[in-house]
Amino acid sequence: MAELRRYRVRGRVQGVGFRAFVWRTAREIGVDGWVRNSHDGSVEALVSAESDAHERLREALDQGPRMSRVDHVEVTEEAATEDVPRGFDIRHDA
């Protein structure tokens, strides 16, 4: 059963290709959702996936792309009330 989780990644994660990294990783894993930059300098992603896919995504987020520095990844379980697109999108900044 798919679980909905919100990820907020903090560190040097804007201006280093982090959203594109998340997009490629999410498509490889096969999860649904979106990723965007936040005004506070973090990157936020809303992801619908099976538990094992969430684990794989979390491992990738902890590493990030080469030029990034991940200080913290916050994960929040979400109620399935928000509309999650099929596939994975990069959204405009929040």
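Biologist: In this predicted model, what is the distance between the closest N and O atoms in the salt bridge of Arg 6 with Glu 78?
Modeller: A salt bridge here needs a side-chain nitrogen of Lys or Arg within 4 Å of a carboxyl oxygen of Asp or Glu. Arg 6 and Glu 78 form one. Their closest N and O atoms are apart by 3.4 Å.

Biologist: Nice. How many residues apart in sequence are the parts that Arg 6 and Glu 78 tie together?
Modeller: Arg 6 belongs to strand E1, residues 3–12. Glu 78 sits in the loop between strand E4 (69–77) and strand E5 (88–90), so the separation in sequence between the parts they tie together is 72 residues.

Biologist: And is Arg 6 buried or exposed?
Modeller: Buried means under 20% relative accessible area. Arg 6 has 16%, so Arg 6 falls in that class. For Arg 6, then, the word is buried.

Biologist: Which residues are linked with Arg 6 and Glu 78 in a network of salt bridges?
Modeller: The structure holds 10 salt bridges. Some of them join up into a network that includes Arg 6 and Glu 78.

Biologist: Is Arg 86 buried or exposed?
Modeller: Asp 32 counts as buried, at 18% relative accessibility. For Arg 86 the relative accessible area is 73%. The cut-off for exposed is over 50%, so Arg 86 is exposed.

Biologist: Which helix holds both Arg 58 and Asp 62?
Modeller: These two side chains meet in a salt bridge at 3.1 Å, N to O. Arg 58 and Asp 62 are 4 residues apart, about one turn of the helix. That helix is H2.

Biologist: Last one, my friend: which residues gather with Glu 55 in a patch of negative charge on the surface?
Modeller: Glu 55 is in helix H2, residues 51–63. At 49% relative accessibility, Glu 55 counts as partly exposed. The residues that gather with Glu 55 in the patch are Glu 50, Asp 52 and Glu 59.

Technical notes
Residues are numbered from 1 along each chain as its sequence is written. This is a predicted model: local features need pLDDT of at least 70, side-chain atom pairs count only at pLDDT 80 or more; totals for chains, interfaces and linings use all residues. Side-chain values use heavy atoms; hydrogens and water are left out. Patches are made of residues with over 30% relative accessible area and no salt bridge: like charges are joined within 9 Å, nonpolar side chains (Val, Leu, Ile, Met, Phe, Trp, Tyr) within 5 Å. Accessible areas come from the Shrake-Rupley method with a 1.4 Å probe; for residues, only the protein chains shown count as cover. Lys and Arg count as positive and Asp and Glu as negative; His and the chain ends are not counted. The place of a charge is taken as NZ of Lys, CZ of Arg, CG of Asp or CD of Glu. Helices (H or I, at least four residues) and strands (E, at least two) are DSSP runs, numbered from the N terminus. Buried means under 20% relative accessible area, exposed over 50%, partly exposed in between (1.4 Å probe, protein chains only).
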